[in-house]
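This report takes a brisk walk through selected sites of one structure. Sequence and coordinates come next.

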There are 2 protein chains.
Amino acid sequence: MFARLFCWTVATAVMTAPALAEDGYDLWLRHEKVRDGGNLARHAAAVVAPGRSATALAARDELMRGLAGANGAAPALVEKPMNGAIWLATPASAPDLPVKLDGLGEEGYAIRSVTLDGQSVTVIAANGDAGLLYGAYAYLRLAETGASLDRLDIRSAPRMKLRLLNHWDNLDGTVERGYAGQSIWDWWRLPDWKGPRYTDYARANASIGINGTVLNNVNARSDSLTAPYIAKAAALADVFRPYGIKVYLSVKWTAPMELSGLRTADPLDPAVAAWWKAKAAEIYRAIPDFGGFLVKANSEGQPGPQDYKRTHADGANMLAAAVKPHGGIVMWRAFVYAHDNPDDRAKQAYSDFKPLDGQFADNVLVQVKNGAIDFQPREPFHPLFGAMPRTPLMMEFQITKEYLGQSTHLTYLGPLFEETLKSDTFARGKGSTVARVIDGSLEGHKLTGIAGVANIGADRDWSGSIFNQADWYAFGRLAWDPDLSAEAIAREWAAQTFSTDAKVVDPIVAMMMGSREAAVDYMTPLGLSHVMGTGHHYGPAPWISELARPEWNPVYYHKADAQGIGFDRTKTGSNAIAQYAPPVAKMLADPKKTPERDLLWFHHVGWDAKLKSGDTLWNGLIRHYDAGVAYVAAMRRTWDGLRPHVDAERFAQTQAFLGIQHREAKWWRDASIAYFQTLSKRPMPPGTAAPEHDLNWYKSLAFPYAPGNP
Amino acid sequence: MFARLFCWTVATAVMTAPALAEDGYDLWLRHEKVRDGGNLARHAAAVVAPGRSATALAARDELMRGLAGANGAAPALVEKPMNGAIWLATPASAPDLPVKLDGLGEEGYAIRSVTLDGQSVTVIAANGDAGLLYGAYAYLRLAETGASLDRLDIRSAPRMKLRLLNHWDNLDGTVERGYAGQSIWDWWRLPDWKGPRYTDYARANASIGINGTVLNNVNARSDSLTAPYIAKAAALADVFRPYGIKVYLSVKWTAPMELSGLRTADPLDPAVAAWWKAKAAEIYRAIPDFGGFLVKANSEGQPGPQDYKRTHADGANMLAAAVKPHGGIVMWRAFVYAHDNPDDRAKQAYSDFKPLDGQFADNVLVQVKNGAIDFQPREPFHPLFGAMPRTPLMMEFQITKEYLGQSTHLTYLGPLFEETLKSDTFARGKGSTVARVIDGSLEGHKLTGIAGVANIGADRDWSGSIFNQADWYAFGRLAWDPDLSAEAIAREWAAQTFSTDAKVVDPIVAMMMGSREAAVDYMTPLGLSHVMGTGHHYGPAPWISELARPEWNPVYYHKADAQGIGFDRTKTGSNAIAQYAPPVAKMLADPKKTPERDLLWFHHVGWDAKLKSGDTLWNGLIRHYDAGVAYVAAMRRTWDGLRPHVDAERFAQTQAFLGIQHREAKWWRDASIAYFQTLSKRPMPPGTAAPEHDLNWYKSLAFPYAPGNP
């Protein structure tokens with residue numbers, strides 16, 4: 001009575017152990033076996049890696065690990081270049097290197113196919129070991145995105161010196177504006193326990209060129225400067241160092257008072273300066289390559305030098321003097337606005353900082369958000385870019401999506417970053433792009449930088465969703481080279497994250513590329529901004545008007561009334577446009593010449609004014625809302641079609657999140673229309689649906705447990 | 001110039017992908033290939049699993065998955081019993097089942113080696129599919145702990161009906177007294193996104209017999225009873241259902257007022273009763289097998305029926321009536337003490353509840369903590385056990401180690417659980433153990449239960465450390481069978497978690513078995529209790545005396561003075577001993593007869609009184625502190641010796657945590673001695689070390705970011 005065997009399809013799925021599932025932990029470093037195995041196998045049968053520094057060993061190990069996956073078998077590690085070998089070489093390890101390295105600096109690399117004694121060898125060469133590491137990752141990226149490896153001749157060096165993540169992570173494990181779980185810093189068990197995730201964090205960052213990380217929230221607690229927390233930061237620095245990543249700290253301005261009982265934090269008080277000098281020395285004893293300080297001062301309740309009638313420059317320079325002997329720098333944020341300043345919030349940072357140009361010490365950067373308000377779905381570039389030629393300006397992007405759907409919306413930020421970087425400030429005539437301001441080429445600055453507010457947390461997938469990983473990736477790639485296109489980056493990311501198959505990459509890239517514009521459409525079309533719910537910033541609340549400070553209220557930003565909608569920032573209004581260079585200001589003075597995407601940012605426009613489409617503004621607004629919702633519906637269809645090509649867990653998560661995004665996009669549209677209609681008194685355009693609920697229903701919604709809310 | 005290949009030892013380690021690392025995620029369900037492959041291979045070549053319910057399929061899949069791992073190859077799934085097959089059978093699927101099932105109930109199982117038509121078959125049989133699931137896990141446990149599988153004849157049924165975890169998880173993702181990261185409930189993205197971790201949670205619990213889970217903190221928010229949160233709970237219930245796990249909710253007494261504007265929460269008010277009836281019906285529409293409510297009322301600031309001059313029974317019975325039509329139950333916690341009650345805190349629960357015996361509805365259990373204070377390293381059993389014969393008493397253990405070293409100390413709780421369960425109440429004469437009170441056998445209760453406050457969080461290893469997993473495991477196993485020994489459970493756990501090799505299991509079990517006593521020694525020897533830091537409960541602070549409520553202060557508990565130390569709970573003191581049955585009370589009245597481990601719990605003893613060892617109390621106290629520290633030092637040596645046998649990540653984590661434990665054990669000892677010596681004025685005994693710092697140093701320590709502090 002032996003029974004007939006039968007096929008057991010369920011078992012296959014069940015028997016994949018949980019740890020083997022594609023859960024997103026490996027990010028873009030999955031190193032799946034490549035499709036054109038011959039190409040890679042021919043060129044990467046062996047590795048020569050003579051360097052013995054921790055960073056050289058990391059470069060070797062990352063290359064070996066990546067090739068083992070991509071090739072399906074580990075390459076041989078050999079002592080000398082041979083046919084089909086990859087040779088990791090620096091002038092120190094190979095004096096007769098057949099590659100020119102001038103102009104590549106310490107971090108750049110060259111990858112070149114050469115013939116040595118008749119043997120085909122790929123040389124990855126650099127002046128320093130960090131360059132080898134970046135070159136190793138670059139080679140893997142080429143191999144894993146289907147590039148031909150036959151005749152490589154690539155030279156690449158980072159355009160920005162400082163390529164940093166800013167973690168808004170608190171010492172209690174929460175993350176301000178974090179939507180991916182708790183902080184990955186286990187402060188409580190550091191420095192004793194340094195889990196493997198810290199290494200994987202460093203690997204992921206190094207693979208995209210990030211070379212620094214600010215560990216703690218800009219809304220800082222002074223505890224992070226106490227001896228126990230310095231030891232914890234030092235433990236992380238030790239893990240990150242081989243991967244070329246330096247550690248920085250956000251500091252609280254009044255730390256000398258809180259920690260040591262000083263009576264003042266006046267930057268010109270010698271005791272205050274001495275305290276910071278001693279504190280810096282203490283930090284550098286624990287972390288010899290400590291990067292420096294990031295400061296949020298006199299902003300949103302944080303103390304700062306203005307409390308003592310001193311300027312931001314006075315404050316920054318005092319701290320800069322403390323870290324200067326150790327080679328450190330200070331990043332001073334320009335994100336300031338004051339409750340007692342009745343001027344347009346969008347103008348205040350410029351008004352405060354522009355007069356200080358030329359007054360900052362040479363190891364200070366002023367860190368400026370991409371736009372003048374606060375990381376909205378779309379903002380025109382910040383007027384400070386191009387306006388402070390004697391000061392290195394550092395870009396601050398937000399990778400975490402505080403205003404773009406938080407963890408669940410698929411809104412690829414590459415196009416947002418690209419749009420800002422390519423914006424032309426006209427500071428020195430046409431071509432004075434924001435990218436050329438921050439990379440120092442416009443004004444000849446050597447100290448340059450870019451920062452991204454991290455979207456990283458303890459969630460298994462690091463970023464709260466698989467697609468949010470692309471934003472981290474895109475930030476790093478653009479920090480290295482701000483001229484890359486968001487689309488090329490999306491292709492790279494999708495190929496490494498999912499599959500090189502065009503059937504997968506093409507639709508995924510197509511989804512991603514329009515997704516941020518869709519969010520603009522369903523949240524804040526035509527230049528609207530800051531109409532989200534209070535505190536948690538989740539969901540629409542354009543009706544809010546009663547918060548204590550005027551600039552906390554959505555009505556301050558959209559200024560909708562019976563006549564029209566939008567913030568007049570021309571001469572007849574706040575005249576914020578005068579902060580831009582004359583060619584830009586002239587264009588923005590005229591609503592007809594203002595890019596329609598920024599229309600309501602700069603102009604109060606009548607409900608019946610005509611848009612380029614021929615629609616009235618009212619009808620056009622609604623078309624935009626609808627287009628945003630329709631785009632999300634289309635993404636859902638596209639994704640559903642990818643089911644056969646995507647592993648089950650990542651497919652299901654993305655599918656669930658797209659469902660949430662679709663529901664919430666409709667909610668944004670409906671709530672916004674329900675409110676604005678009470679002012680415009682215009683009917684819905686033909687063929688469009690009225691909001692599902694009445695305005696009071698939308699107003700009644702409350703979200704006491706929304707994440708990321710400090 | 002082909003280069004010579006050479007061995008690359010680093011590569012092997014590096015090339016293990018992170019996801020494959022032993023990171024603790026798989027808990028005791030790792031299903032490593034067993035050492036005696038022949039034994040298992042012979043008996044588990046195939047599986048017969050005719051059941052088609054979700055639970056039957058889960059039993060089949062878990063068995064297949066486990067055997068695939070333990071055997072190194074997937075068994076065949078066949079239609080009928082064959083030689084070497086395992087047959088999952090119920091009377092419904094196999095009317096002629098060659099196994100008797102009477103007395104096993106719905107959850108019990110039998111495992112029997114039988115011969116059918118000359119073929120050797122192992123039958124796993126049960127009355128219901130849940131029994132099959134438990135039987136499948138039991139078979140795997142046998143196979144993976146080295147049992148002979150030749151002649152099995154096992155019958156097992158759970159002694160307790162409700163075997164529950166209590167999650168003290170808040171809706172904002174924090175966990176009160178949680179030391180393993182955020183809550184694993186992603187409330188924000190439920191019900192849309194149900195990640196795979198929920199299934200793995202259910203699998204882990206089912207594997208040790210847990211059949212219910214209270215999702216939210218006993219310090220409850222009423223939001224958990226709103227429609228959105230009911231839908232979220234229902235989504236979890238759907239995931240858990242196939243694994244035999246029911247969902248329960250903690251409720252806030254004033255929910256009818258907060259959610260619906262009722263003017264009162266008086267349990268005898270018909271509108272209040274109607275509200276709860278309707279709410280229960282709403283929940284049961286979403287979750288047809290909803291378990292019921294857990295209530296913390298009139299305790300530590302929580303509202304309750306006493307606010308309306310009603311009794312706990314009035315409150316419990318009103319809720320019980322609401323869930324009764326649906327088959328639900330109410331668990332009413334006896335953890336009460338009142339700020340305006342000057343009586344010994346240890347007496348108050350008994351005083352409140354004992355008079356209510358016989359007044360509770362038949363679907364109410366009163367949930368009693370193991371001891372009368374609060375989950376201390378050691379407490380005598382709670383005097384309510386045995387004192388309420390007409391009421392089902394449910395045990396509440398704490399698996400999370402609020403008072404036993406939190407996430408990092410290795411303090412296996414099996415012996416603590418066992419000690420309580422085996423304690424004799426003498427309620428009906430000798431042998432009236434706490435286990436027999438709660439399993440219903442002493443008084444003939446059918447409704448029985450046991451709850452453990454979970455130590456589970458979003459940390460990759462679930463419980464904050466590998467060894468903390470053992471406490472979860474031990475709770476589940478003892479909930480199934482309270483007569484199991486803690487040591488046998490430790491052996492099972494270690495074999496499944498690390499290796500069946502005696503070289504590994506023996507030293508690990510030895511470490512575990514003495515570890516809780518070591519924590520008692522270095523924290524609260526000889527019956528001391530509640531001398532920890534305020535709020536976070538981390539570290540020693542026996543000097544605290546100025547908190548608003550007397551019973552919040554450590555000095556309330558130890559009562560140390562110039563004469564001696566300890567809480568007189570005899571007739572000359574609070575007479576708490578009178579709450580125990582006469583034989584127990586008589587023993588406890590005499591310090592000479594009181595178990596020395598509980599001496600200072602019941603007696604105020606002079607510093608120079610003699611202990612059984614011949615030491616004075618003062619010298620004996622210090623010997624205990626030293627023994628605790630020495631035990632941790634010995635564990636470190638043992639663990640270091642296991643390096644060759646334990647994978648790198650789990651080895652390193654445990655090693656780091658033992659280092660923390662050693663440092664903190666010394667801190668507990670030194671701070672306690674430094675304080676008590678100011679009162680005892682006795683010298684250190686010969687050969688013992690004075691505290692490392694003076695008392696003020698210990699008093700100066702502050703831990704503003706200690707985890708788990710609500």
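The model is predicted.

**Annotated active site, chain A**

An unreviewed UniProt entry places the feature "active site" at A:Glu300, A:Asp374 and A:Glu402.

Where does A:Asp374 lie? It sits in the loop between strand 12 (364-369) and strand 13 (393-398) of chain A. Setting aside residues up to four places away in sequence, A:Asp374 touches A:Phe335, A:Arg345, A:Lys369, A:Glu379, A:Glu402 and A:Tyr403.

A:Glu402 occupies the loop between strand 13 and helix 11 (414-422) of chain A. With residues up to four places away in sequence left out, its contacts are A:Trp168, A:Arg177, A:Tyr179, A:Asp374 and A:His537. The contact with A:Arg177 includes a polar one, side chain to side chain, at 3.1 Å.

**Arg378, chain B**

In chain B, B:Arg378 is located in the loop between strand 12 (364-369) and strand 13 (393-398). Its side chain makes a polar contact with the side chain of B:Glu419 at 2.9 Å. Not counting residues up to four places away in sequence, B:Arg378 touches B:Glu419, B:Arg516, B:Glu517, B:Val520, B:Arg597, B:Asp598 and B:Trp601.

**Burial**

Are these residues buried or exposed? The cut-off for buried is under 20% relative accessible area. The table gives the values.

| Residue | Relative accessibility | Class |
|---|---|---|
| B:Arg378 | 5% | buried |
| A:Asp374 | 7% | buried |
| A:Glu402 | 3% | buried |

B:Arg378 counts as buried because its 5% falls under 20%.

The unreviewed UniProt entry gives "domain: Alpha glucuronidase N-terminal" for residues 27-139 of chain A. Over this stretch the chain is 32% helix and 23% strand. The end C-alpha atoms are 17 Å apart.

**A helix pair, chain A**

Two packed helices are described by the angle between their axes and the distance between the axes. Helix 15 (residues 502-523) and helix 19 (residues 617-641) of chain A have axes that come within 8 Å and cross at roughly 155 degrees. Angles over 145 degrees count as roughly antiparallel, so helix 15 and helix 19 of chain A are roughly antiparallel to each other. Helix 15 of chain A passes helix 19 of chain A in a left-handed crossing. Among the residues making the contact are A:Met511, A:Gly514 and A:Ala518 of helix 15 of chain A, and A:Ala627, A:Gly628 and A:Val632 of helix 19 of chain A.

How values were computed: Residues are numbered from 1 along each chain as its sequence is written. Chains are lettered from A and ligands numbered from 1 in the order in which they are written. This is a predicted model: local features need pLDDT of at least 70, side-chain atom pairs count only at pLDDT 80 or more; totals for chains, interfaces and linings use all residues. Side-chain values use heavy atoms; hydrogens and water are left out. Helices (H or I, at least four residues) and strands (E, at least two) are DSSP runs, numbered from the N terminus. Buried means under 20% relative accessible area, exposed over 50%, partly exposed in between (1.4 Å probe, protein chains only). A polar contact is a pair of N or O atoms within 3.5 Å; within protein, one must be able to donate a hydrogen and the other to accept it, and residues adjacent in sequence count only if both atoms are side-chain atoms. Contact means heavy atoms within 4.5 Å. UniProt positions are given in the numbering used here, feature names are shortened, and annotations may be inferred rather than shown by experiment. Axes are lines fitted to C-alpha atoms, for helices over the stretch in contact, and angles run from 0 to 180 degrees between N-to-C directions. Angles under 35 degrees count as roughly parallel, over 145 as roughly antiparallel, 65 to 115 as roughly perpendicular and the rest as oblique. A crossing is left-handed if the near helix is turned anticlockwise from the far one by less than a right angle, and right-handed if clockwise.
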